[in-house]
2 protein chains.
Amino acid sequence: MLLNTRTQTTPTQPSRLDRSTFVDTVSHRPGSVILYPGKSDMLYRVASGLVRVHTMDDDGNGLTLRYVKPGDYFGEEALAGLDRQYFAEAVTDSSVDVINPALMSAEDNLVVTTHLVKTLERAYESIYRLVGKRLRARIAGELLELKDTALATVQPSGETMIYATHDELAAAVGSVRETVTKVVGELSREGVISAGYGKITLKDEAALARISAE
Amino acid sequence: MLLNTRTQTTPTQPSRLDRSTFVDTVSHRPGSVILYPGKSDMLYRVASGLVRVHTMDDDGNGLTLRYVKPGDYFGEEALAGLDRQYFAEAVTDSSVDVINPALMSAEDNLVVTTHLVKTLERAYESIYRLVGKRLRARIAGELLELKDTALATVQPSGETMIYATHDELAAAVGSVRETVTKVVGELSREGVISAGYGKITLKDEAALARISAE
């Protein structure tokens with residue numbers, strides 16, 4: 001286990017899992033790598049913040065496999081005794097519960113199984129969108145996906161602003177920055193979003209939902 | 001649960017899951033739809049044959065999410081009480097164990113959890129290949145993936161022949177028939193495979209492995 005960014009230990013939060021299975025709760029700063037590919041031993045649950053699970057291609061381009069929101073798990077390969085194939089990184093200030101799988105009860109296992117089934121369903125949705133949807137629809141969908149995460153803040157106007165660079169969006173939708181920039185420009189000109197440096201404001205969420213389904 | 005193609009009940013096979021959890025073992029003919037999207041209640045394990053888990057886009061184009069080989073499970077959404085989002089279809093003559101999740105022991109759950117973790121890992125590999133690999137590499141990888149399934153037979157020459165149409169390959173790699181036909185033609189001209197009507201013979205598996213990693 002690599003916890004190179006352990007900066008602080010905080011009391012565990014109330015949880016659906018039995019408290020006796022917790023090893024620790026660890027805080028991570030934005031951009032900190034929480035897990036590297038390699039041997040696995042612990043299961044992790046996001047208590048607060050946002051964690052990005054990602055891999056890299058041969059050229060070093062990042063590919064986001066999923067965002068892990070509070071209440072959701074990562075490090076599930078420890079349950080199967082498999083090596084980890086991905087990186088996990090704190091996107092915002094994040095607090096992460098570290099759980100020892102060997103101490104999990106049957107009820108704990110059921111909670112985690114349910115999480116795994118949902119995560120698999122989301123992975124299949126990603127495959128479906130990658131194959132069947134245009135980049136424009138995938139970007140619209142991704143912005144709506146990020147709307148209820150720690151990357152988003154509601155503005156005084158009532159509009160949601162999301163902190164995300166074009167690089168981060170590209171990694172999340174399986175594209176490259178240049179192409180994302182082009183689509184973000186289109187959506188801005190249409191008035192669906194407004195884009196600033198490293199942030200995107202959702203101006204018309206109903207239109208985004210329509211575009212994401214195109 | 002929809003089991004519209006139930007044709008025969010056979011004794012259960014020896015298994016890593018406690019036999020008392022089995023409801024039934026059901027045989028399916030090639031092309032039979034075993035499960036439709038909708039309510040879920042049972043977990044399924046392939047005893048013999050090959051099952052394809054797939055979805056469809058708005059235009060009715062199939063997209064294969066995974067092939068389920070003997071010993072592997074499908075219908076995992078029943079464990080989480082979620083609706084099924086996909087179809088499951090027998091590719092070859094297949095025998096499928098039907099398992100009642102409510103009767104599963106803690107040990108059973110661990111077996112299924114391990115399966116889920118591996119299935120999620122494979123889904124992420126699919127995403128990685130869809131984003132990062134050319135169609136040529138994805139087709140080569142898919143042929144190697146099908147090599148140890150019920151679709152493959154070893155010829156007297158020692159070469160493996162795989163029963164798969166260009167449509168089926170296209171659904172498995174997220175492309176369309178016309179483009180797959182073009183790539184299959186290329187690989188044939190290079191002597192890596194030979195293609196006949198609805199079947200492909202692997203002539204040079206080492207070359208296929210190299211191409212799949214390109």
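**Figure 1. Surroundings of B:Leu82 in the predicted model.** Leaving aside neighbours within four places in sequence, B:Leu82 is in contact with A:Val117, A:Lys118 and A:Glu121 of chain A, and with B:Ser40 and B:Glu77 of its own chain. The model shown here and in the following views is predicted. B:Leu82 belongs to the loop that joins strand 6 (73-74) to strand 7 (87-90) of chain B. Between B:Leu82 and B:Ser40, which are 42 residues apart along the chain, the C-alpha separation is 6.7 Å.

**Figure 2. Salt bridge between A:Lys39 and A:Asp83.** A:Lys39 and A:Asp83 form a salt bridge in which the closest N and O atoms are 3.6 Å apart. A:Lys39 is placed in the loop between strand 2 (33-35) and strand 3 (43-48) of chain A, and A:Asp83 in the loop between strand 6 (73-74) and strand 7 (87-90) of chain A, so the pair ties together parts that are 44 residues apart in sequence. Over all chains, the count of salt bridges comes to 34.

**Figure 3. Interface of chain A and chain B.** Chain A contributes 33 residues to the contact, and chain B contributes 33 residues. The area buried between chain A and chain B is about 3100 Å², with 75% of it given by carbon and sulfur atoms. Polar contact between the two chains is counted for three residue pairs, with both residues at pLDDT 80 or more.

**Figure 4. The side of chain A that touches chain B.** Three elements of chain A, namely strand 4 (51-56), strand 5 (62-68) and helix 1 (106-132), each supply at least two residues of the side that touches chain B. Helix 1 of chain A gives the most to this side, with 16 residues. Sorted by class, the side of chain A that touches chain B holds 17 nonpolar, seven polar and nine charged residues.

**Figure 5. Relation between the two copies.** Chain A is superposed on chain B by a rotation of 180 degrees with 0.0 Å of shift along its axis, the RMSD being 0.0 Å. The two copies are therefore related as by a two-fold rotation axis. Of the interface residues of chain A, 100% are also interface residues in chain B, so the copies meet through the same surface.

**Figure 6. Fold of chain A.** Five helices and twelve strands make up the secondary structure of chain A. The radius of gyration of chain A is 18 Å, close to the 17 Å that the globule rule gives for 214 residues, so chain A is as compact as a globular protein of that length. The C-alpha trace of chain A spans about 55 × 40 × 30 Å along its principal axes.

Technical notes. Residues are numbered from 1 along each chain as its sequence is written. Chains are lettered from A and ligands numbered from 1 in the order in which they are written. This is a predicted model: local features need pLDDT of at least 70, side-chain atom pairs count only at pLDDT 80 or more; totals for chains, interfaces and linings use all residues. Side-chain values use heavy atoms; hydrogens and water are left out. Contact means heavy atoms within 4.5 Å. Buried area is the accessible area (1.4 Å probe) that two parts lose on being put together, summed over both. A polar contact is a pair of N or O atoms within 3.5 Å; within protein, one must be able to donate a hydrogen and the other to accept it, and residues adjacent in sequence count only if both atoms are side-chain atoms. Helices (H or I, at least four residues) and strands (E, at least two) are DSSP runs, numbered from the N terminus. Ala, Val, Leu, Ile, Met, Phe, Trp, Tyr, Cys and Pro count as nonpolar, Asp, Glu, Lys and Arg as charged, and the others, Gly among them, as polar. Copies are superposed by least squares on the C-alpha atoms of residues with pLDDT of at least 70 in both. The radius of gyration is taken over C-alpha atoms; the globule rule is 2.2 Å times the number of residues to the power 0.38. A salt bridge is a side-chain nitrogen of Lys or Arg within 4 Å of a carboxyl oxygen of Asp or Glu.
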